[in-house]
Amino acid sequence: MSPSVRLQEMIRVIRSARTQCEERGVIQRECAAIRAQFRQADNVGRSHNLAKLLYVHMLGYPAHFGQMECVRLIASPRYSEKRVGYLGAMMLLDEKQDASLLITNSIKNDLSHSNQYVQSLALCTLACMGSAEMCRDLAPEIDRLLRTSNSYIKKKAALCAVHIVRKVPELGELFTTAAHSLLSEKNHGVLHGAVVLITELCEQNPESLAQFRKVVPELVHIMKGLVMSGYSPEHNVAGISDPFLQVRILRLLRILGRNNDTASDAMNDLLAQVATNTDSSKTAGSAVLYETVLTIMDIKSESGLRVLAVNILGRFLLNNDRNIRYISMMSLQKIVQTDHNAVQRHRGTIVDCLKDPDASVKRRALELSLALVSAVNIRSMMKELLLFLSSCPPELRAQAASGIFSAAERYAPSQRWHIDTILHVLTTAGADVRDETVPNLIQLITTANELHSYTVHKLYRALVADISQSLVQVACWCVGEYGDLLLRAECDDTEPVQVTEDDVLDALETVLQSHMSSPATRGFALTATMKLSTRITHNVDRIRSIVSIYGSCIDLELQQRAVEYNALFKKYDHMRAAVLERMPVIDKTSPGHSKGEMTAGPVQERDQTQKQPAVETVSQESTNQASNLLDLLSSSDDAPQSTPAQPHSLDACPTSSSSPEGDLLDLLGGLDLMPAPSLTVYEKNGVTLRLQCDRQMDTGVSITLSASNSTDGDITQFNLQAAVPKCVQLQMKAPSGDVLPARAAGQLTQAILLKNPNKVGLRMRVRVSYCSQGTNYQDTVQIDSFPSVAWQ
């Protein structure tokens, strides 16, 4: 290929290259020829060479050596060379390049050129790559061009003014008067530029809103003319008269009518007219209607108009275009809290969207369906949601299960229905539920006194049928607590199961020996087996042998628990009945319980009249003996204070502790622990984040971040990121989930382990990100003060 080939020939040769190496060779040779010709003083084909260089730049190859040639061509008096020079400047230059400063004077001269097309080139270049300094120097020239009589120049000057306002917001006052006068133009291009300019002025400077609210009647008049005008071939798009201008005007009206009664009243009739007269069968009409809906919902509109907007979104749900269905559900999600009844009318259509093959539409339909659940429709909606849960994609299963749990807890018509619903979810999507689901269900079962027999029979059947389910932990807990009710085979609500003591022990032993059981599940099963020793009469020796086997288990937690239980059998058998009595009712409002997290706070017991006989027979002598036992096992000289037993420590998953004495004290209950120091580090948009510190070892600190949501809607995509100084090592555990239930119905926790060998003052920076009602938020929190236990 010779150096003087035409642009078309160069493109043909490059496209015919068989390999990338061959293509690079062609381009390198051509670039070398272009460089050589740029050095010649009498180069007559400069625009031709620059055009070829721009094509090379489009292919991704370096073309920076053509920047100065762009400056020379812009200064040329010939239009053909100016055109290529300005095009090169827009592609090869930006405000960070020093060469861009060299074209400021050329642009200023061309803005005053007698040829409108030369003026247009200068306006386009300034609007594309003008720096703040160029905008300050040339702003008076743009204001002058906004007042010319040439519509072609006016529309380009208006868009150039938009760029200037974005770069230098304080120059907005310069264009206020000219922008207002442009609204009287008939040319749609000029009107479009004027509306965009006014919108930018209002967004950059809220103080100008009061001045531009005076033009609302003019905007309404222009909009009515577009809606009611006849067919115009020049502006018609799919039967809609200039939908681009209509959308821009509606967006400006939304800004001007926000939080202003007078402006909102002036545009109510127009919005109703647009909503009823616009055809939604085409994409252009749907775009206009969508902007109309957003405007109605954002201004202080009438209630009937808001219902009309919701109905438009309901029609969008029936559209064949998935994008339209998606934006419809996004909009309904934002207004469901304020216009709940209006959105409820389209509940059936929204539920049908759960069957959509598109995953993003399914996700939005799920969020909207959960927001529509109320006390009136809880049964019908839950039936649909449970059906969706059984067939939904794996990535949506956790979100669906979390939403069903929150809705069931808030609107459950009865405790039995609540328990059945949670058990159904655990059976269907047990592997995807949050960690606190098991303790929450246990707390619910303890409060339903009349359903204990029904629950233990149902869970025992599920345990025998399949031990791989996540409800195995709850089933083991129920069998341990209410095994006597299971053996009696007395249940009015369901068909009782005829089982023997050996059958129950066989089921628990199967869980203990199964390879599918996690260490936590085995802990539940072992504790249940131990509790049965006080609820059965003929198989106590078998229970003793089962427990003794795990005294040498490879799992340290299970081994430790078994050793403690063996101690109860051998040395303290007279106390076994008191220690293994039934759990008292757990009060969720107590300081020691928060959405499934059991801490060392006090547990409120039921009234004395509701206690089981086994509890009533505990004598003061047994209590004193328990206190003596604690004294014998304690490594300190002071005897611990005798307090009511807290059996819930037996049933929770075994956790690590710092000493064997502490583990045995945890086994027997009766130790009041001081609450861990905590402080609130973030409180914004209804999200509250608390930090809690506990010393674990000499150089290690365990920190727990707990988040709650006080808004009326669930918060999704919740994520925490943390950073500490280099002298401190940070390890973040897996969070408990990414969905914050509404109205403080649940918490998310994030455990963080800090290693602080130098015991320096701790500092941490936490980034909080989440999505609330379709809006993404991200904040950074600097934590400079920690509770003293974290660093002393």
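Me: A crossing is left-handed if the near helix is turned anticlockwise from the far one by less than a right angle, and right-handed if clockwise. So is the crossing of α15 and α17 left-handed or right-handed?

Reply: Quick heads-up: this is a predicted model, where local features need pLDDT of at least 70 and side-chain atom pairs count only at pLDDT 80 or more, while totals for chains, interfaces and linings use all residues. Residues are numbered from 1 along each chain as its sequence is written, and side-chain values use heavy atoms, leaving out hydrogens and water. Helices (H or I, at least four residues) and strands (E, at least two) are DSSP runs, numbered from the N terminus. As for how α15 and α17 cross, that's left-handed.

Me: How do the axes of α15 and α17 run: roughly parallel, or roughly antiparallel?

Reply: Axes are lines fitted to C-alpha atoms, for helices over the stretch in contact, with angles from 0 to 180 degrees between N-to-C directions. Those of α15 (residues 261-277) and α17 (residues 303-316) come within 11 Å and cross at roughly 25°. Under 35 degrees counts as roughly parallel, over 145 as roughly antiparallel, 65 to 115 as roughly perpendicular and the rest as oblique. That makes α15 and α17 roughly parallel.

Me: Which residues of α17 make the contact with α15?

Reply: Contact means heavy atoms within 4.5 Å. On the α15 side you'll find N268, L271, A272, A275 and T276. Facing them from α17 are L305, L308, I312 and R315.

Me: How many of the residues of helix α4 are buried?

Reply: Buried means under 20% relative accessible area, exposed over 50%, and partly exposed in between (1.4 Å probe, protein chains only). The buried ones in α4 (residues 67-74) include Q67, C70 and L73, and the buried set packs against α2, α3, α5 and α6. The count for α4 is six of eight.

Me: And T688, at what relative accessibility does T688 count as buried?

Reply: T688 sits in strand β6 (residues 687-695). Leaving aside neighbours within four places in sequence, T688 is in contact with residues including T680, Y682 and S706. T688 counts as buried because its relative accessibility is 18%.
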